[in-house]
Amino acid sequence: MRSAKFWAVFVLLAAALTTLRLRGDTDHVPPTPPLSLMPSTIGGWTSQEYPLDSETLAVLGDGRFLSRIYTNLGSTGQPAEPPVSLFVGYFPTQRSGQSIHSPQNCLPGAGWAFLSSKVINLPTADGRSYPVGEYLIGNAGQKQLVLYWYLAHGRSVANDYLAKAYMMLDAVRWNRTDGALVRMVTPVGANEPLESAEQRVVQFANQVTPLLPRFIPN
């Protein structure tokens with residue numbers, strides 16, 4: 001099944017590249033403010049910057065990145081629950097081999113092993129929902145819960161192959177290959193139910209997603 005998906009994406013890519021060569025080498029990229037203008041406080045969550053090192057930036061390539069850790073401070077000013085890290089990587093173009101790196105490749109490289117995975121539906125304020133990927137990962141006895149999805153042109157996708165297929169289709173239709181990866185991670189406490197960690201990161205995601213269209217153009 002994975003082989004069939006690969007060849008389907010390969011054929012689409014070849015067709016898209018041929019069309020793009022005929023149309024020119026410059027993408028249409030709508031202007032957007034920098035990701036650094038994302039609010040540092042969202043609801044009751046206050047953030048700290050978590051800068052990416054030069055090695056990570058070299059692997060990620062030419063894009064715009066946001067890396068922060070958000071903490072929900074209680075009335076005492078102390079953390080009321082475990083934090084949630086937010087990473088957004090936006091790529092204005094994915095031509096010439098530049099592409100979004102899948103968490104399936106990055107996380108194992110950082111020493112984390114996948115313990116389980118599934119797709120959940122994240123509700124929106126207008127009553128709709130969209131799919132996001134959810135991973136439970138582990139490393140040296142520690143566990144973390146990961147939500148991630150690809151965001152481009154107002155469309156959210158949890159599947160790597162589908163995201164690439166849409167990117168190639170949009171390249172042909174609109175001369176746009178821009179897109180983003182949104183990833184949120186929260187630690188799972190030693191005695192914490194998985195459902196509790198999932199509720200925390202989903203609630204945080206529900207506060208962040210309405211802010212994203214300002215920085216990730218539709």
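Reply: Happy to! Keep in mind that this is a predicted model. Let's start with glycine 133, which lies in strand β6.

Me: Is glycine 133 buried or exposed?

Reply: Buried means under 20% relative accessible area. Glycine 133 has a relative accessibility of 2%, so it counts as buried.

Me: And which residues is glycine 133 in contact with, leaving aside neighbours within four places in sequence?

Reply: Valine 157 is 24 residues apart from glycine 133 along the chain, with 8.6 Å between their C-alpha atoms. With neighbours within four places left out, the contacts of glycine 133 are Lys118, Val146, Leu147, Tyr148 and Ala158.

Me: Let's turn to serine 47. Which backbone oxygen does its side chain reach?

Reply: Serine 47 sits in strand β2, residues 45-49. At 15% relative accessibility, serine 47 counts as buried. Beyond four places in sequence, it is in contact with Ser40, Arg68, Ile69 and Tyr70. At 2.8 Å, the side chain of serine 47 reaches the backbone oxygen of serine 40.

Me: Which element gives the largest share of the largest nonpolar core?

Reply: That core has 32 residues, and those touching the most other members include Leu86, Val88 and Trp149. Elements giving two or more residues to it include β3 (64-72), β9 (179-188) and α5 (194-208). The largest share, six residues, comes from α5.

Me: How many residues are in the second, separate core?

Reply: Among its members are Ile100, Trp112, Ile137 and Tyr150. This second, separate core has 14 residues.

Definitions and conventions:
Residues are numbered from 1 along each chain as its sequence is written. This is a predicted model: local features need pLDDT of at least 70, side-chain atom pairs count only at pLDDT 80 or more; totals for chains, interfaces and linings use all residues. Side-chain values use heavy atoms; hydrogens and water are left out. A nonpolar core is a set of buried Ala, Val, Leu, Ile, Met, Phe, Trp, Tyr and Cys residues joined through side-chain atoms within 4.5 Å. Buried means under 20% relative accessible area, exposed over 50%, partly exposed in between (1.4 Å probe, protein chains only). Helices (H or I, at least four residues) and strands (E, at least two) are DSSP runs, numbered from the N terminus. Contact means heavy atoms within 4.5 Å. A polar contact is a pair of N or O atoms within 3.5 Å; within protein, one must be able to donate a hydrogen and the other to accept it, and residues adjacent in sequence count only if both atoms are side-chain atoms.
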